[in-house]
Amino acid sequence: MRAAVLHEIGQDKLEVLDDVEAVGFGPGKVRLRIRATGLCHSDVSAMSGVLPQPAPFIPGHEGAGEVLDTGDGVTGLSAGDRVLVCWLPACGACPACGRGQTQLCLAGFMNAGTPNFKRPGGDVFGFAGTGTFTEEVVVDAGCAVPIPDDVPFEIAALIGCGVTTGLGAAINTAQVQAGSSVAVIGCGGVGISTIQGARVQGAAQIVAVDPVASRREAALRFGATEAVSPDGLADAKQRITGGEGFDYVFEVVGKSATARTAYESTRRGGTLCIVGAGAMDDNFQVNMFELFFDEKRILPSMYGGGDVLRSYERAIALWRAGRIDLESMITHRVQLAEINDALGQMRTGEALRTCIEL
């Protein structure tokens, strides 16, 4: 079968091959036929080594498709079911799951170290234990979440990661209050979803911050009240908040420099929400006096900061009601053979979200 493979960490292009086989099928597993997958910035971060991932590997974790087969012991799923891929399934038995913090369950991460593909030359890993830049994949049954018939595969794929992450940051983690002021730094697919979440929550001002003009224009269509380049953030802070700072600032880039800017843009007593996934050696620093004196809440948000299954259901309900726009987030559609073109469009900021159709 066909799949896009990265041979070594640090390479910037994928090779589309037709000699890949999905392996590992057995008890507790399901085999999926991927129909659509989104290109998320985390895929690029794994390719570059910012996010840890063994290689060779198949990127992709934001996918949707159909169940081809189920292993022994799998319940609630049958061949032909339409599903989205959950790259961070909850085991239901660990301390994090017991506390209701299923987004912190480590069971899914354990899968990342087990190859779920192979080629004549050896084993191939799937990114985050999945790997959706492929026609078929074998995953734990918990990774396959049934979706209603009225949800297109491309919409379900977005809900599988970027939309859930962004909406959840605003709704679950920060719990944006109606009438508040918000700034979102980084307006790719996750940032746009954060903007939509802040709008759903009733924020009065939502300032989108991004260096790419097309992304700033898109942010206005999705609910931002204004959009500025990074060098315009200080002026927006002065105009909108009288220099005090925003009630909520979301960092959706994953770099310490932008996190520091976000901290300085947050009012005393306000909330800084870290959504971007960054490198392990990129350290964010605050001094002990400002940490005490400013009383700013610093809240990391992992996969939307809440139960992902409930978050999926909420995203679908909001989409059905017309409260969030997911179709327009897909600015580009490509076939698997064009994956490197899609990577280039993401790196330049031209694409908001690309759907890879398989």
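Me: Why is Asp12 called partly exposed?
Reply: Its relative accessible area is 48%. Buried means under 20%, exposed over 50%, and partly exposed in between (1.4 Å probe, protein chains only). So 48% makes Asp12 partly exposed.

Me: What is the model, and how are residues counted?
Reply: It is a predicted model, where local features need pLDDT of at least 70, side-chain atom pairs count only at pLDDT 80 or more, and totals for chains, interfaces and linings use all residues. Residues are numbered from 1 along each chain as its sequence is written, and side-chain values use heavy atoms, with hydrogens and water left out.

Me: Where is Asp12 found, and which residues does Asp12 touch?
Reply: Asp12 is in the loop between strand E1 (3-5) and strand E2 (15-17). Strands (E, at least two residues) are DSSP runs, numbered from the N terminus. Leaving out residues up to four places away in sequence, Asp12 touches Met47, Asn340, Leu343 and Arg347. Contact means heavy atoms within 4.5 Å.

Me: What makes E12 and E15 a pair?
Reply: Two strands pair if DSSP finds at least two bridges between them. Strand E12 (residues 181-185) and strand E15 (residues 246-251) have 4 bridges, in the parallel sense. They therefore pair. Ala183 stands opposite Val249 in E15.

Me: Why do E14 and E17 stand at the edges?
Reply: The open sheet has 6 strands in the order E14-E13-E12-E15-E16-E17, with parallel pairing. Strand E14 (226-228) and strand E17 (297-300) each have a single partner strand, so one side of each lacks a neighbour in the sheet.
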